[in-house]
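This briefing is for someone opening the structure for the first time. Please look over the sequence and the model before reading the points that follow.

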Amino acid sequence: MTRFTTAAGLSRRSALKLGGIAGMASLVTIHTGRRSFASAAGIYELAITADRIIIDGVSSKAIMMGGTVPAPTMRWREGEEVVVHATNRLDEPTSIHWHGLLIAGVMDGAPGFNGYVAIQPGETYTYRFRLRQSGTYWYHSHSALQEQAGMYGAIVIDPAGPEPVRADRDYVVVLSDHTAEDPMRVMSNLKGDAGYYNQAQRTLMDFVRDARDSGFNAALSDRLDWGAMRMDPTDLADVSGYRFLVNGRGPEDNWTGLFTPGERVRLRIINASAMSIFDVRIPGLPMTVFAADGQTVQPVRVDEFRFGVGETYDVVVLPREDRAYTILAEPIDRTGHARATLAPRPGMSGPLPEPRPRTLLTMADMGMGMDGMDHSRMAMTGDGMAGMDHATMAMADTTDLGRPLGWADASTPPGDKALDYADLVSATVNGDDRAPDHVIEVQLTGIMDRYMWSLNGRPFGKDQPIRVRQGDRIRITYVNTTMMAHPMHLHGMFVALENGQGRRMPRKHVVLVPPGRTMSVVLTASEPGEWPFHCHLLYHMAAGMMTRFIVDDQTT
Amino acid sequence: MTVHARRQGLITAMTLLPILAAPPAEAAEAGQIFTFLQAEQLERRSRDGADSLNWDIQGWIGTDDHRAWLKSEGETTDRGRLAEAEIQLLYSRRLDAFYDLQAGLRYDPEPAGDDGAPARSFAVLGIQGLAPQWFEVGASAFVSHDGEVSARLNAGYDLSVTRRLVLQPTAELNVALQDVPERGVGSGVNDLELALRLRYDLTRKIGPYIGVNWRRMMGQTARLAREDGEDDDDLAVVTGIRLWF
Ligand SMILES: [Cu+2]
């Protein structure tokens with residue numbers, strides 16, 4: 001474990017000292033179970049095992065790849081061919097999916113799709129693919145709920161050409177959520193009581209406080225409005241009881257990345273959690289975002305960003321002072337935090353900021369009109385999003401009670417800049433600027449009370465696959481009819497987010513669609529195959545929030 | 001079916017359920033099977049006369065749309081003699097976001113003691129679900145093997161006072177279309193049961209509680225009870241625990 005964290009945490013400079021670019025692949029040595037051996041460049045042995053991990057001094061069960069949680073960082077180079085022999089040492093089927101990679105369908109690693117079959121116990125599957133891209137990505141299990149149990153790791157692909165930014169240090173920051181419960185038990189608890197993990201449901205005491213603050217009638221009518229829909233405004237996240245990790249370390253373990261004051265530090269931040277949408281910041285240290293989902297964007301200087309499960313952001317920070325800086329990631333339901341430190345020397349820790357308050361959903365998050373406006377149709381649809389950001393939405397939702405209201409309200413201090421999707425401008429001009437041939441509406445649907453999740457009202461298995469022809473230009477319009485945000489992930493191809501940036505729309509593999517809102521993306525269906533298309537909240541996908549996106553091959 | 005046999009049946013069901021709910025091989029699999037088993041009430045009722053032990057258990061196994069339900073409620077004397085009990089096995093089909101349609105069989109075993117009426121079985125048709133404002137509601141119609149028709153309506157509400165302290169009012173109304181004298185049932189409204197329980201959730205799965213349970217027989221049923229020298233009014237202080245297995 002330490003060996004890997006060290007490898008992942010090595011500064012770019014020391015890595016180069018250790019043997020130059022060619023040495024990178026062999027630097028990432030792979031554990032197979034408890035044995036470890038160096039592999040030839042480009043060939044990797046990866047065993048999938050069940051074992052225990054220790055987080056903040058507490059031992060718990062985990063499923064891991066290469067003997068660690070997170071799995072070893074794969075450090076690859078654009079253009080090279082990679083061979084991974086994955087051996088299943090579990091007593092159940094497993095799989096490895098290469099999240100965000102442009103890859104042949106059968107190598108994508110989603111059982112039941114593209115002819116790929118889950119790796120059976122005792123079997124070895126050989127993945128073989130040539131890297132057609134560079135940037136920060138990740139890999140994880142696509143079977144059962146194994147991802148929750150620890151099967152995830154980072155992929156770093158160095159570009160064939162120059163790096164988009166110069167950095168003295170290069171760290172992977174894998175954020176995740178760990179539960180001591182068996183993930184199957186978590187799912188079963190949710191099916192028995194969808195509010196099982198919600199520790200913030202409104203009480204009589206809350207009602208008394210609301211009645212005092214805003215009047216008895218207003219408080220009562222608010223309760224009746226939510227009760228009439230059998231919905232709960234505290235329903236921000238489905239699962240709690242998590243310990244939030246940075247590179248497999250708990251807040252007490254305090255993963256630390258070293259810097260010398262004045263250095264440029266690159267952080268590859270990956271949301272590899274099962275269910276947690278995070279607000280990420282480094283108090284006292286603005287971040288310059290220059291890549292989203294592995295794709296380079298024009299630099300944006302922000303104080304914080306919110307990101308969904310599956311998304312990645314590459315940022316550069318410039319710590320000038322000789323002190324420790326805290327990297328803090330709070331899940332939106334504020335049930336804890338992930339914490340790591342950037343420090344000039346080991347063993348230091350920076351100040352831990354006060355936890356931010358938990359927001360309360362509003363009728364606007366339900367897509368209900370507010371002041372006569374229909375947000376579900378208004379916000380974030382194509383160019384309509386330009387000039388309008390989360391902050392204004394949040395302000396519109398906020399009353400004078402001093403409490404955060406509305407999904408988008410991250411309690412960002414006045415004057416601080418939170419990243420907005422509208423800020424993402426692709427570094428390169430989009431290759432295909434044809435108008436869409438087809439518009440496909442995908443409704444994000446669910447019945448919270450029964451913990452049923454679906455697309456267009458149909459759970460996976462009863463779904464109607466989406467079928468397009470290779471080369472088609474497609475617009476997908478997400479209509480979120482639920483009160484939760486869903487990070488929507490399409491395998492096999494990038495989508496361009498219609499965020500008002502014209503021919504410089506950012507290319508993404510996960511798009512976080514806020515509750516009650518509509519968003520759209522466009523893509524060129526360039527990769528033939530039968531691709532999984534799903535919500536990346538693990539228990540939503542497992543409950544059926546998935547379908548097939550079939551691109552018919554036009555060459556045969 | 002004896003209490004012992006029923007208990008065995010329950011234990012068998014409880015051991016089997018997790019095995020049936022095996023993890024799927026793929027990330028999402030159509031028609032996954034889940035299980036749920038909850039003792040909403042496991043309690044001692046203390047009153048002027050003899051105390052009793054009461055239970056009300058519900059559970060299901062199945063998919064989102066199709067489930068087999070098990071429901072059982074009953075009462076034993078504090079010496080463990082069965083006073084009254086019923087067990088229902090139902091097929092349940094999801095109607096919409098909030099309601100299930102349920103149909104199946106109900107079996108009332110023969111109570112212990114010499115005044116015991118014979119065991120009876122019924123066909124059941126019911127609806128169960130979540131009404132606006134978070135009321136848990138149910139309505140069931142029963143047809144006995146002798147063709148007697150009866151019905152039951154119930155409702156309950158969980159009022160969270162704090163995160164852990166929950167006040168739970170419940171109401172149940174039983175109605176019969178005709179007299180069944182050997183069961184002490186008259187036609188019309190048989191009885192109304194109102195209860196208030198105050199529960200402290202140690203976890204979401206373990207919640208001890210105290211409360212009061214009041215049952216009032218009505219109409220013909222009340223008259224039959226009085227003729228038998230029984231009380232038509234039953235007020236009990238309850239102490240018990242809610243468990244989710
Ligand atoms: Cu979702």
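**Surface, annotated regions and nonpolar cores**

In this predicted model, chain B has an accessible surface of about 12,300 Å², and carbon and sulfur atoms account for 61% of that surface. The points below continue with chain B and then turn to chain A.

**Chain B**
- The secondary structure of chain B consists of 2 helices and 13 strands.
- Chain B has 245 residues, and 41% of them are buried.
- Among the contacts in chain B with a separation of 6 or more, 45% are between residues 24 or more positions apart.

**Annotated regions of chain A**
- An unreviewed UniProt entry places the feature "domain: Plastocyanin-like" at residues 52-159, 170-338 and 434-554 of chain A.
- Residues 52-159 of chain A are 0% helix and 46% strand, with the end C-alpha atoms 36 Å apart.
- Residues 170-338 of chain A are 21% helix and 36% strand, and here the end C-alpha atoms are 20 Å apart.

- In soluble globular proteins, nonpolar side chains tend to be buried together.
- The largest nonpolar core holds 108 residues, and the members that touch the most others are L175(A), L267(A), Y539(A) and F549(A).
- Helix α9 of chain A, residues 538-543, contributes the largest share of this core, with 5 residues.
- Leaving aside residues up to four places away in sequence, F549(A) touches a set of residues including I466(A), V468(A), L490(A), M493(A), W531(A) and F533(A).
- Another core, of 30 residues, lies apart from the largest one, and its members include L90(A), I103(A), Y139(A) and I157(A).

Conventions. Residues are numbered from 1 along each chain as its sequence is written. Chains are lettered from A and ligands numbered from 1 in the order in which they are written. This is a predicted model: local features need pLDDT of at least 70, side-chain atom pairs count only at pLDDT 80 or more; totals for chains, interfaces and linings use all residues. Side-chain values use heavy atoms; hydrogens and water are left out. Helices (H or I, at least four residues) and strands (E, at least two) are DSSP runs, numbered from the N terminus. Buried means under 20% relative accessible area, exposed over 50%, partly exposed in between (1.4 Å probe, protein chains only). Contact means heavy atoms within 4.5 Å. Accessible areas come from the Shrake-Rupley method with a 1.4 Å probe; for residues, only the protein chains shown count as cover. UniProt positions are given in the numbering used here, feature names are shortened, and annotations may be inferred rather than shown by experiment. A nonpolar core is a set of buried Ala, Val, Leu, Ile, Met, Phe, Trp, Tyr and Cys residues joined through side-chain atoms within 4.5 Å.
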